[in-house]
Amino acid sequence: MKNHPVQISAIRDMRDWSARTHGEGCTIAFVPTMGALHEGHLSLVRLACGHADRVAVSIFVNPTQFAPGEDYSTYPRDLDRDTALLAEVGCNVVFIPSASEIYPPDFSTNVTVGGLTERLCGKSRPDHFSGVATIVTKLFSIVSPDVAVFGMKDAQQLAVIKRLVRDLHVPVRIVEAPIVRESDGVAMSSRNANLTPDERVEAKLLNKSLQAARKAFSDGERDARQLKSIVGDILAVSTFGRVDYVECVDRETLKNVDEVVKPVLLAIAVGFSRARLIDNTVLKP
Ligand code: PAF
């Protein structure tokens, strides 16, 4: 059992902690989250521990990345459980700001990463990535991390963050963490808790479809259309899920590719009644 992390809610106190930590000659690794922590998040924190002297985690359900009618109000929240879990994995400080301090009433600046944010999930969630880019820019400015860790499950988010860090010259190194899966292959997500029992069974189809495409790829298939149709055929078996997209894209630009001649992202999204699941795999020739 490790020490409980220091809990900070005011922006000024978080800045003071970071300044003090850097003043002591220590580096900071940062893991931004929206809470409802699961093994996937904890793996990010463990990875962060290996990249810096101190680890900061934020818990903030960011309202600007949810569209009206999306699951902002029902997004799972359990602060006591989250902080207890963080104590087990070596987190030093947990930043839990209030929405009113992050977004004062006259707040009017947003960060938009052109191009990348209109593809994949951006088609059905047009303002989502601007909300993500804005909150992550704010958190970077408050926490001043040397390193920040993001999971590969949100591959589009990762591409957006890398681009914003590059374009805005943010002095932080981005570390990518692999997808963590349940024993039946379903990618871990806080939203899995919102699946009905029948939907949870069908959620296995996402990874199953990606594995089938991986198998075809390792047998030599390089045609993106064929790979996508292997995935689409398996997802089509679903009774409760509605396929939002199956795409094969360049990892950095997220532009569609026709043939896999360099590493690509095969990405899918499936909507269930109260949860929209995403998953992906990287195919490397
Ligand atoms: O991946 C998430 O949990 C969120 O999008 C993030 C990065 C914490 C921003 O709110």
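**Close-ups of a predicted model**

View 1. Skip its neighbours within four places in sequence, and isoleucine 174 is still in contact with Phe140, Ala148, Phe150, Leu158, Ile161, Lys162 and Val165. Keep in mind that this is a predicted model.

**View 2. The largest nonpolar core.** Zoom out from that spot and you get to a core of 47 residues, the largest nonpolar one, where Met14, Phe140, Ile161 and Ile174 touch the most other members.

**View 3. Strand, helix, strand.** S5, helix H7 (residues 155–167) and S6 together form a right-handed β-α-β unit. S5 and S6 pair up in the parallel sense, over five bridges. Look for phenylalanine 150: standing opposite, in S6, is glutamate 176.

**View 4. Two helices crossing.** How do the axes of helix H1 (residues 11–23) and H6 cross? They come within 8 Å and cross at roughly 55°, which makes H1 oblique to H6. On the H1 side the contact is made by Ile11, Met14, Arg15 and Ser18, and on the H6 side by Ser141, Ile142 and Val143.

**View 5. Helix H2 under cover.** Which residues of helix H2 (residues 39–49) are buried? Look for Gly40, His41, Leu42, Ser43, Leu44, Val45 and Ala48. Their cover includes helix H3 (79–88) along with strands S2 (28–33), S3 (54–59), S5 (147–151) and S6 (173–177).

Terms used
Residues are numbered from 1 along each chain as its sequence is written. This is a predicted model: local features need pLDDT of at least 70, side-chain atom pairs count only at pLDDT 80 or more; totals for chains, interfaces and linings use all residues. Side-chain values use heavy atoms; hydrogens and water are left out. Buried means under 20% relative accessible area, exposed over 50%, partly exposed in between (1.4 Å probe, protein chains only). Helices (H or I, at least four residues) and strands (E, at least two) are DSSP runs, numbered from the N terminus. Contact means heavy atoms within 4.5 Å. Two strands pair if DSSP finds at least two bridges between them. A crossover is right-handed if, with the strands pointing away from the viewer, the path from the first strand over the helix to the second runs clockwise. A nonpolar core is a set of buried Ala, Val, Leu, Ile, Met, Phe, Trp, Tyr and Cys residues joined through side-chain atoms within 4.5 Å. Axes are lines fitted to C-alpha atoms, for helices over the stretch in contact, and angles run from 0 to 180 degrees between N-to-C directions. Angles under 35 degrees count as roughly parallel, over 145 as roughly antiparallel, 65 to 115 as roughly perpendicular and the rest as oblique.
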